[in-house]
Amino acid sequence: MKLGKVEFCHFLQILALFLCVSGMNQAELSSSKSKPNFQSGRTRTKRSWVWNQFFVLEEYMGTDPLYVGKLHSDVDKGDGSIKYILSGEGASSIFIIDENTGDIHATKRLDREEQAYYTLRAQALDRLTNKPVEPESEFVIKIQDINDNEPKFLDGPYTAGVPEMSPVGTSVVQVTATDADDPTYGNSARVVYSILQGQPYFSVEPKTGVIKTALPNMDREAKDQYLLVIQAKDMVGQNGGLSGTTSVTVTLTDVNDNPPRFPRRSYQYNVPESLPVASVVARIKAADADVGPNAEMEYKIVDGDGLGVFKISVDKDTQEGIITIQKELDFEAKTSYTLRIEAANMHVDPRFLSLGPFSDMTTVKIIVEDVDEPPVFTSRLYSMVVSEAAKVGTIIGTVAAHDPDASNSPVR
C-alpha cells in the first residue's frame, strides 16, 4: 500500500509514540492495559496484570537495602488508599515492599549461583476494605550475574600418556574447567586455557583445553615424565578475569626405537670337558633401552664350528641368551669352539627402521679345559686260561690300561 506524505508523517508519529512507551522503566509495573476498571455506575471489567521482569545485581555489599524496582497500579491515585502486598519466594525474608509506594528492596546479599531468580506474587488492596483492586499476579526477579567465580578443574589433577617420538601436534589429553557464573551473560564464564609450566614440550589449545605435543623426537629414554601446569582464565583471558590452575602429569610411553646391541664384540668362556649335557655354559645379553615387548629378543647361533655341540635359548624374564651343551665335550678331541651369535628384536616398528638394523652380532669362544681322567683298560673283559697244575708265579696273562689325558701319565 502506498502512503502519501501526510499519512507517512502520521505513521512516524505513531511509531515514535510506541517506542517512547516501550522505553519506560522496566522496573515499573505497567497496568494500563490490565487493571480492573472501577468506574461508578459501570460494570467492572477484569483483566490480567502485565509485569515486566526485574533485575538485581548479585553480591551487593552495601549497607542500605538494594532498590529492585517499583510496582504500581493505575488505580492508585496517590492518595494512600491503595496498599501493596508481596508474597512468594523470599518475600519478607529477602524482598520487602513499601506498601504505600510499591517500592521493592532486597535486604540480603544475593548469589546467582545459589538461586538465579525468584518468583513472587503482588496484590493491590483497597486500604479501607482490604479487598483487591487488581487480580493477584506473578512476576520474576532475576539475579544478574557478576564475575565472582573462578574457573575450576573438577576432574584435576590429570594423568596422561603419549608415545615417545610422537609428531608435533599429537593430542595428549583434554582438560576442562567449569565456571559457575552465567554463561549467557557477558564473558564471566567464557574460559581460555594457557600453559604455565611444560613448555616448550607441550602446548594447549586456548578454546578447547586440548594438550598437544610441541617438540618432535621426545625420547623416553632421556626423560620419561613431565609435569604441566594449565591455567583457565575467564573473561576470555582479559585483564581482571579470574583464573584457576590444575596439574597434568604426562608420561612418555615406550616405542621400539632402540636396537639391541651387544656391549662387547667377543666373549670367551672356559668350561671343563666333564660338564654334563644340558648344562649352562654361559649367559650373554644384548642391551636394549626399550622396555616390555619392545625389548624382547631372540638369539640364534648363525655360524661357527660349535653348531651341533651348543644351542642358545632366551630367558623370558631377563632377556638373556643362555648357551647350553648338546653333546659331551672331549678335550683330547677338540680344545675350543667358536660361535657367531645374533640377537634381534621380536617386535620391530616399521616407523623406526632407519634407526636399525634391529639386530646385532657377537662372537663367543668356548675353551674346553682338560680334566684328569682315570686310566682306561684296553678291554672291558679279559679271558685267560690256566692249568690247575701251574706253579705259583706262573704268568696267566696280561691286562693293559692307558691314561686318556693328553699328558699320557704312567699307569700302575
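This is a predicted model: local features need pLDDT of at least 70, side-chain atom pairs count only at pLDDT 80 or more; totals for chains, interfaces and linings use all residues.
Residues are numbered from 1 along each chain as its sequence is written, and side-chain values use heavy atoms, with hydrogens and water left out.

On the overall picture, the chain carries one helix and 23 strands. Both are DSSP runs numbered from the N terminus, with helices being H or I over at least four residues and strands being E over at least two. Of the 412 residues in the chain, 34% are buried; buried means under 20% relative accessible area, exposed means over 50%, and partly exposed covers what lies in between (1.4 Å probe, protein chains only). The chain exposes about 24,800 Å², and carbon and sulfur atoms supply 52% of that area. Such areas come from the Shrake-Rupley method with a 1.4 Å probe, and for residues only the protein chains shown count as cover. As for contacts (heavy atoms within 4.5 Å), take those in the chain with a separation of 6 or more: residues 24 or more positions apart account for 68% of them.

Next come the sheets. Strands of a sheet pair through backbone hydrogen bonds, either parallel or antiparallel. Here, two strands pair if DSSP finds at least two bridges between them.

Another open sheet has three strands, in the order β2-β5-β4, and its pairing is antiparallel. At its edges are β2 (66-70) and β4 (95-97), each pairing on one side only. The twist in this sheet averages 25 degrees from one strand to the next. β2 pairs with β5 (residues 103-106) in the antiparallel sense over four bridges, and D103 in β5 is the bridge partner of K70.

With β14, the count is nine bridges, and I230 faces T246 in β14.

Now for charge pairs. Side chains of opposite charge can pair when their charged atoms come close. The whole structure holds 13 salt bridges, where a salt bridge is a side-chain nitrogen of Lys or Arg within 4 Å of a carboxyl oxygen of Asp or Glu. One of them joins R112 to E113, with the closest N and O atoms 3.1 Å apart. R112 counts as buried because its relative accessibility is 12%, whereas E113, at 24%, counts as partly exposed.

Another salt bridge joins R351 and D349 at 2.8 Å, N to O. At 57% relative accessibility R351 is exposed, while D349 is buried at 17%. Salt bridges that share partners also tie R220, E221 and D254 into one network.

The side chains of D360 and R265 meet in a salt bridge too, at 2.6 Å, N to O. This pair links distant parts of the chain: D360 is in strand β21 and R265 is in the loop between β14 (243-253) and β15 (266-272), 95 residues apart. D360 is buried, with a relative accessible area of 10%.

M361 is partly exposed, as its relative accessible area is 23%. Leaving aside neighbours within four places in sequence, M361 is in contact with F262, R265, V302, R340, I341 and E342. R340 is 21 residues from M361 in sequence, and the two are 7.0 Å apart in space, C-alpha to C-alpha.

How values were computed. Axes are lines fitted to C-alpha atoms, for helices over the stretch in contact, and angles run from 0 to 180 degrees between N-to-C directions.
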